[in-house]
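Sequence and model come first, then the report.

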Amino acid sequence: MRRTAVRAASGIACGIRAHAIGLTLIAALWSGLALGIYWDRDTQARQARAETANLANALSEQVNRILREADQLARIVGREAQTGGMALPLQEYAKRGDIRLNVFFQVSLVDSKGNATASTDPTLPQVNVADHEYFKVHADNASDQLYISQPFLGRLSGRSSIRLTRRINGPHGSFAGIVSIALDAGYFTRFYKELSIGKTGQISVVGTYDGVFRVRRTSDEDAARNRISLTSDSKLFQAMQAARSGVVLSSGRRDRERRLFGYDQLDDYPLTVIVGFTEVEAMAPHIARRNFMIALGIIITLLIAGAEARRVSLLRRLYRTVAAEQGAKQAEQQKNDRLNSMFKAIPDGVLIFTDLGYIERSNEVTAQMLGLHAEALDAMRASNFAERFFRDDRTPERQRKVERLQHILMNAAHDDAPQHVTLMVERPALSVFEFHIRHSRSGFSGGVAVIRDVTAQSQLDRMKSDFISTAAHELRTPMAGILGFAELLKAGRITSAQHEDVFDLLHERAKKLNDVLSELLDLARLEARADQDFEYQRINVCALCRDVVAADPVFATRVSATLVCEDAWLDGDRPKLMLALRNLLENAVKYSSPASIIHLAAHHSGNGRRVSIKVRDEGIGMTREERERAFEKFYRADKSGAIPGTGLGLALVREIVTLHGGVVNLESQPRRGTTAIIELEIA
């Protein structure tokens, strides 16, 4: 499950990276659209607020003008009543045009008792309005301000009206009655119908302090007849009390729909004109533009997505093509790398040359044979290669060797038969090389030459021959003595008195033969099985030296030991290490005079991490050439044969020390003695 989730997440991440450009464009597009929509919404909101406030202001001016006209008419009629009495011929005034009834449908005079005394309406009966609020407010209050009543339904006319009344004062300021002007409540609603307020728009005229709607017009309702009012806790009413004009966003009391209300109070009268639009309708232009922008964004997004899908498809196809080419190149490169690795790993020198005799390629081994870098051989001619190959040859036949190699290389590119040639270079040491040259049968014309340095093999063959010869000589000498004495015994030519001497000689020859065979077997076993036969144990170096000296009476009398290594311990095969040290002491005894002292020393070396064992004599010593060959099998510095030995002792010493991880060296000068030094790691 976890691996599946990881693979899924990895796939999603790869998909996102592949479509990064398209996703970035789409993100930028929608970010720009979001910013544009936000800016447009903010602009539309500011514009809607400004338009609502302007409309409320314009309507308030229109209402203010009507009320001022009514107030002026009431003042004129009131002054006439004060001078001409309460029974003025208002109908005649109306007929003469002194009173215009285009806005007001009735002008009346009411005396102090509430009785209607005159009216422009000839059908108006004698009624008493003393119980009406618009009468009481003037009877109880000496103010001569125009009073604007709440809408009410006339008792006889059946018409909804708003009464605009003013007090008429009698002599000495007494209450004489009122002038009543009836304003059709539907006048404003009819006027407001001509305004485009939308489906949910609303225009109202409200009392500033009582909140009662004098006029209320919506798209589908005329509320001039209904007595409704704003509650004191409504957001709109509180705003009206706080400022004379403004814009406020509030929810409707009945439909709970958010509306944008603009209000403006009249300058001279306690009324406020309110214009309201639902937020949706006020923002309708923005919503239309927003929807258009979203639709356009969707279309552009689809186009970008299609283009991006096409782009990614083409890129993936290109990637697959490139990946296939890279895979083929990588496979070819890997193949070439493997061939190059094989080419470099070949222990022999390799030359690839063209049919024109130019070297096309070679490996490092070939360059090392010539003392050059591999690049230096590129494009070298075969003739120059032959000259370089035999440059250090010291023999008179050098030029003949060069010409022979040139001929072989130049003709090999055209000769189908493979050639095998052995060439020797003396520099001054002898070096032997085998050339295996074959015509190429592959896709190019040329040849391939493999150069094998067989110098070591030749030396090994020579050493084998020398070893067999030396071993045969060393074995033949005691065997010849044994065979000769045996024939004499068989022929009866040895007297009884001579038998004991002959047997001693036979024993001596047999012992020498056995010693040679034992040392040969020991050396062969060490070389073949390395340290597999070793029995490792913790060995104290000083104790080892003392035990070797004590085991031989000759050593006890001639060896002077200086052992400063009581705390030196090592892990090793004790018998093998004793054999190595005994061989060194025996050589020191044999190659020095009987009266001389053999010095044995052991001490720490290598900052205390190693122990050094030295055996020094004052014997015949060795030359540098003899010292370099001293560890060879059967090699002996004494060529006379006067000093007994097999020539295998030092070879055994070096093999044992090497298998213990140490080294053995010789320091010697002719007639000044020899020092053998063994260095071993401390455990």
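Cys 545 is buried, at 0% relative accessible area. Buried means under 20% relative accessible area, exposed means over 50%, and partly exposed lies in between (1.4 Å probe, protein chains only). The closest cysteine sulfur to that of Cys 545 belongs to Cys 565. The distance is 5.9 Å, too far for a bond.

## Basis of the values

The model is predicted: local features need pLDDT of at least 70, side-chain atom pairs count only at pLDDT 80 or more, and totals for chains, interfaces and linings use all residues. Residues are numbered from 1 along each chain as its sequence is written, and side-chain values use heavy atoms, with hydrogens and water left out.

## The disulfide

A disulfide is a covalent bond between the sulfur atoms of two cysteines. The criterion here is a pair of cysteine sulfur atoms within 2.5 Å. A search of the whole structure finds 1 disulfide. Cys 542 and Cys 565 form a disulfide, with 2.3 Å between their sulfur atoms. This pair links distant parts of the chain, 23 residues apart. Cys 542 sits in helix α15 (residues 541–550). Cys 565 sits in the loop between β18 (559–564) and β19 (569–573). Helices (H or I, at least four residues) and strands (E, at least two) are DSSP runs, numbered from the N terminus.

The link of Cys 542 and Cys 565 is right-handed, with 135 degrees about the S-S bond. Both Cys 542 and Cys 565 are buried.

## Aromatic pairs

The whole structure holds 5 aromatic pairs. Rings of Phe, Tyr and Trp (its six-membered ring) pair if their centres lie within 6.5 Å; planes under 30 degrees apart count as stacked, over 60 as edge-to-face and the rest as tilted.

Phe 135 and Phe 175 form an edge-to-face pair, 5.6 Å centre to centre, with 70 degrees between the planes. Phe 135 lies in helix α4 (residues 133–139) and Phe 175 in strand β6 (residues 175–184). The pair links distant parts of the chain, 40 residues apart. Phe 135 counts as buried at 5% relative accessibility. Phe 175 also counts as buried, at 19%.

## A phenylalanine cluster

Phe 389 and Phe 435 are edge-to-face too: 5.3 Å centre to centre, 75 degrees between the planes. Phe 389 is in helix α11 (residues 382–389) and Phe 435 in strand β15 (residues 430–439), so the pair ties together parts 46 residues apart in sequence. Phe 389 and Phe 435 are both buried.

Ring pairs join Phe 385, Phe 389, Phe 390, Phe 433 and Phe 435 into a cluster.
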